[in-house]
Amino acid sequence: MSARLRARARRREHDYTLDDLRPLLVKPEQERLKSLEHKLETPEALAEAIGEVLARAAVVSQKRGEELASAMQPLLLSSIHETVRKNPELFAEAIFPSIGPAIRKAARAALEALLLRVDDMVQRTMTLTSLRWRIEAARTGRPFVEIVMLHNLAYRVEHVFLVHRESGIVLQHVAAENVTSEDPDQVSAMLAAIDDFARDAFREEKEGGLSRFCVGGLTGIVEHGPRAMLVAIVRGVASKDVEASLAETLEEIHRKYADALVHFQGEVAVFEPTRDALVGCMREERIQKPTSGRRGLLVLAAIAALALVGGGIAWKRVHDQNRRFDTYVEALRGEPGLLVTRTGRDEGRRFVEGLGDPLAEDPAALRARHGLDAADIELRFKPIYSLDPPLAERRASQVLRPPPGVSLGLVDGTLRVAGVAERAWIERARLLATSLPGVTALDDEHLFEAEAITSAKAAAAALEGIQIVFPLGSARPSSAERARLDAAARAVQALLDTAPRGGLSARIEIVGHADATGTPEKNQRLSEERASRVSTELGARGVPTVSLATRGVGQADLAAPKVTFAVRLSPAREGS
């Protein structure tokens, strides 16, 4: 086989189709196409792929312009609105960390501003100067606020205008509080007219311009820039700081808004952010009045006077309280049965320590009568039995409980008891008296037994009921009268025994009688002999005759041969 035939045979053995060759030629591309189809047809894979490039795409789009933001804004607003509507609590929690401090900061700023206004208002309305200014306002017909400002402010920037220099359009305008805001465009037109007038009248160069003008108490300060100018309307005499702040602010505005100023076509909204910069030019300076120092001294003097008055009141209160406490302690020391051992303070509270008889004056009641509070003074008294006579006498009365008609008195330790009481009480008193604290002896000389009085009266009645009969003409009683004589003797003895114990003095009189027989003289003598005979008979029976008195009455009274008894009981006299 020739070489040509062998080559043709080899070509037949390796004769491949296009399908056989495609995997060899485009296999990598096919795999990438399959992977791309998988990512596009599978949601999870597609989301993962978009997530990998979404952030980068957003950054690139933002650099190119606001199209993406404008496209996303409706979607985001709708989503936020729907979230707030469905779950307002979640939205509140999300913004809480930032909204809370913002609210507090705004409230603090508002409160500080309010305090400043209140302070300023008080200073304006509570002084003679304020009254003088009100009179001035009424006299001149000018607002009171304007009068106050004239007298208090060195200057105040009331308006700041940002004006496009080429067109004369006001780009931004800010005004101070309580200032009437004129139409900015009119103000701008006025400035342009004045500037043109001055330029034409005085042939100033184009680069120059109106820099300052005055109208009444107002001064206009104009700061020129290449594309814009700042105009400040100042009440009063402005310092150089105002012009410096205008120049710095204008330079900053030219730096930030150079393109907007160059290509300005009447859209002033672009310059809205310059408002904060213009507010920074709103300055004011108050006049430092020389009287402020004197006012401060007056305030300090008033405070010092109030402090002195308050200190005086506090000192007097403390002094009065100390004086009441000292008086109270002295009163305690003067009370029978109370002994003050120590006074002082314990943890800021006063205290009184001592000993006290239960029958003595109550220290707490005494404290109240001295106008002292129990919370301020603590009482520490321990019980004792006092030997003070009034308390010992009170204790004797409490223990002995004397009946009505009996009095007790303690003198030099001797308890004196007087009156009439039953024997049992008298014996009990005699038993207990000297055992009581403070009682060393008992004087019962004037204490009488009620039973003795009764017995004495009974004996006296019995004696007066006895009559001793005599024979006619005889001064000697018959033997039959012995029993009556014995009874009379017993009655007299009983009377003499009981009357002293009852505090009585008994006067026993033996009265002799005679009948009418015989002469009166004889009968008188006979009656006296009969009384004397009975006294002798009683003496023979043990009766002390010194206690007996005899008397003859003759036939004058109860004419009969007999002897009667007369008894008179009377209170015993001192020393009898």
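This is a predicted model: local features need pLDDT of at least 70, side-chain atom pairs count only at pLDDT 80 or more; totals for chains, interfaces and linings use all residues.
Leaving aside neighbours within four places in sequence, I468 is in contact with P477, E481, R484, L485, V534, P561, K562, V563 and F565.

Now widen the selection to the core around that residue. I468 is listed with L463, V492, I510, V534, L538 and F565 as having the most contacts inside the largest nonpolar core, which has 27 residues. To see what builds this core, colour α16 (450–464), α17 (482–501), β14 (504–512), α18 (520–540) and β16 (562–571), the elements that each give two or more residues to it. Which element gives the most? That's α17, with eight residues.

Is D357 buried or exposed? Its relative accessibility is 4%, under the 20% cut-off, so D357 counts as buried. Show side chains here and you'll find the one of D357 making a polar contact with the side chain of R395, at 2.3 Å. Beyond four places in sequence, D357 is also in contact with G337, I384, Y385, S386 and L391.

Last stop, the surface. Select L33, L36, L40, L46, I50 and L54, which make a nonpolar patch of about 550 Å². Helices α2 (18–41) and α3 (43–64) each give two or more residues to this patch. Finish on L54, in helix α3: with 53% relative accessibility, over the 50% cut-off, L54 counts as exposed.

Terms used: Residues are numbered from 1 along each chain as its sequence is written. Side-chain values use heavy atoms; hydrogens and water are left out. Patches are made of residues with over 30% relative accessible area and no salt bridge: like charges are joined within 9 Å, nonpolar side chains (Val, Leu, Ile, Met, Phe, Trp, Tyr) within 5 Å. Accessible areas come from the Shrake-Rupley method with a 1.4 Å probe; for residues, only the protein chains shown count as cover. A salt bridge is a side-chain nitrogen of Lys or Arg within 4 Å of a carboxyl oxygen of Asp or Glu. Helices (H or I, at least four residues) and strands (E, at least two) are DSSP runs, numbered from the N terminus. Buried means under 20% relative accessible area, exposed over 50%, partly exposed in between (1.4 Å probe, protein chains only). A nonpolar core is a set of buried Ala, Val, Leu, Ile, Met, Phe, Trp, Tyr and Cys residues joined through side-chain atoms within 4.5 Å. Contact means heavy atoms within 4.5 Å. A polar contact is a pair of N or O atoms within 3.5 Å; within protein, one must be able to donate a hydrogen and the other to accept it, and residues adjacent in sequence count only if both atoms are side-chain atoms.
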